[in-house]
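Please keep the sequence and the model in view while reading.

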Amino acid sequence: MKTNAMYTYTRSSKLFTAAKKVIPGGVNSPVRAFKSVGGSPIFIEKAEGAYLYDVDGNSYIDFIASWGPMILGHAHPEVINALTERARLGTSFGIPTEIETQIAELACSMVPNLDQIRFVNSGTEACMSAVRLARGYTGKEKIIKFSGCYHGHSDSFLIEAGSGAMTFGTPNSPGVTQGTAKDTLLARYNDLNNVAEIFHSNKGEIAAVIIEPVAGNMGCIPPVKGFMEGLRKLCDTHGALLIFDEVMTGFRLAPGGAQELLGINADIATYGKVIGGGLPVGAFGARKEIMSHLAPEGPVYQAGTLSGNPLAMSAGLATLSILNSRPELFSSLDSKTTYLKNHMEQELIGKGIPFQLNQLGSMMSLHFCDQEVVDFQTASLGNNPVFNAYFHGMLKRGVYLPPSAFESYFLNDAMTFEDLDRTIEVFREVIKEI
Ligand SMILES: *Cc1c(COP(=O)(O)O)cnc(C)c1O
């Protein structure tokens, strides 16, 4: 790959201009537009392993992994084989296929505390359906969500949602009705007393608490000691369900996701990203007693024309199978991320740049602020101009980072220590420039 080159983006710029004419903002998901960091987005031609290649012939070490899914690296041969073989058999029937049971069996065997799972097409759908199920199951209407946590773009969640929603300063999107908003109660991440107060003043009304068990949409914020245990207790005391949104953490932090890593049982868990191996897949699962409330067994309606799509399932199944057969992959990703974090820390110490590096497993983030980042308020203290200079400095030297301080880095298995050393070298140069 090219090193140290000052990249040019002629073709990307042209493509972006064309895209803006026919697609709002030129993108199909807002954060891709680089609005918060400035500049114009790069168009990708192809990707392989740890590298992205853009339409101008520039290459990048990829730290976003399609925002999480590409945990094995891009175009993994086993995933591509599974996809091409499956595609030849036809891509959608709207009639059951065996592969849906195969991936469900595998997912339920990898995740503790999961008897049944229902597949959908995105993380948004998974979270939206999980909340409906929790409401149907408990007969209650209100939910508690945490400021800075993102659970997809459905109405109930677009209230102080992290990352994309936050980057654009529209935490409360127009179009979300007052009626919907009043049933979503906002709590502070890592603040158990705050959650207890909300339960207290809404006695008997809370259907569920939904949370990212390790937050990744306000940068990476791990739960403080005792927080998840406390949430579990509060939910039990008040007859509310605990929903873990594992769309980011599922099959990434451990084979069994955050439930396994933190040793906490959720009542419902939602999935997305890794579970689809790069195709559009989401899922939610729980104990049978809860899942049996779903149609067609029970009265809570949920459906999807392309849900459990065999092509999507084949990428997911190939990815989960590899993760399941190589449990050491998770500790290897953890060591690589720890290595990167430690070296970045060394480069930053004594440079007069305030920073916070948060990390858990293969998720990490860098905030340019003094205060420890433990919740949405502290995550928002970061210095934006410094972040933007940092982002663009890395980008033009071939390191693709998330274009917002509210997003987590995701390492992938194809990344080598040489890639990380190269990244650290680039980081050193960029820090000098800031
Ligand atoms: C990405 C994400 C979602 C939404 O998933 P989509 O597939 O983008 O709809 C939900 N929750 C969390 C924690 C996420 O990171």
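## Two domains

The domain bounds used here come from an automatic or database domain assignment. For this protein, the assignment gives domain 1 (4-75 + 327-433) and domain 2 (77-325). The model is a predicted one, in which local features need pLDDT of at least 70 and side-chain atom pairs count only at pLDDT 80 or more, while totals for chains, interfaces and linings use all residues. Residues are numbered from 1 along each chain as its sequence is written, and side-chain values use heavy atoms, with hydrogens and water left out.

## Where the domains meet

The centres of domain 1 and domain 2, taken over C-alpha atoms, are separated by 25 Å. In contact (heavy atoms within 4.5 Å) are 36 residues of domain 1 and 40 residues of domain 2.

Buried area is the accessible area (1.4 Å probe) that two parts lose on being put together, summed over both. Between domain 1 and domain 2 it is about 3,000 Å², and carbon and sulfur atoms give 73% of this. On the side of domain 1, Phe-330, Met-363 and Phe-376 lose the most area to domain 2, together 23% of what that side buries. The count of salt bridges (a side-chain nitrogen of Lys or Arg within 4 Å of a carboxyl oxygen of Asp or Glu) between the two domains is 0.

## Empty space

Rolling a probe the size of a water molecule over the atoms shows where empty space is left. On a 1 Å grid over the protein atoms alone, a cavity is a set of points where a 1.4 Å probe fits but cannot get out, and a pocket is an open set with protein on both sides within 12 Å along at least five of seven lines; lining residues have an atom within 4 Å of a point. Grid points are joined across faces, edges and corners, and a volume is the space filled by probe spheres set on the points.

The second largest pocket has a volume of about 580 Å³. Of the 27 residues lining this pocket, Glu-100, Ile-117, Arg-118, Phe-119 and Ser-307 are the closest to its centre.

How many cavities of 30 Å³ or more are there? The count is 1. Residues lining the largest cavity include Asn-113, Gln-259, Asp-267 and Gly-285.

## Backbone features

Most residues other than glycine have a negative phi, and most peptide bonds are trans. Ala-75, however, has a positive phi, near 50°. A cis peptide bond joins Ala-295 and Pro-296, with omega about 10°.
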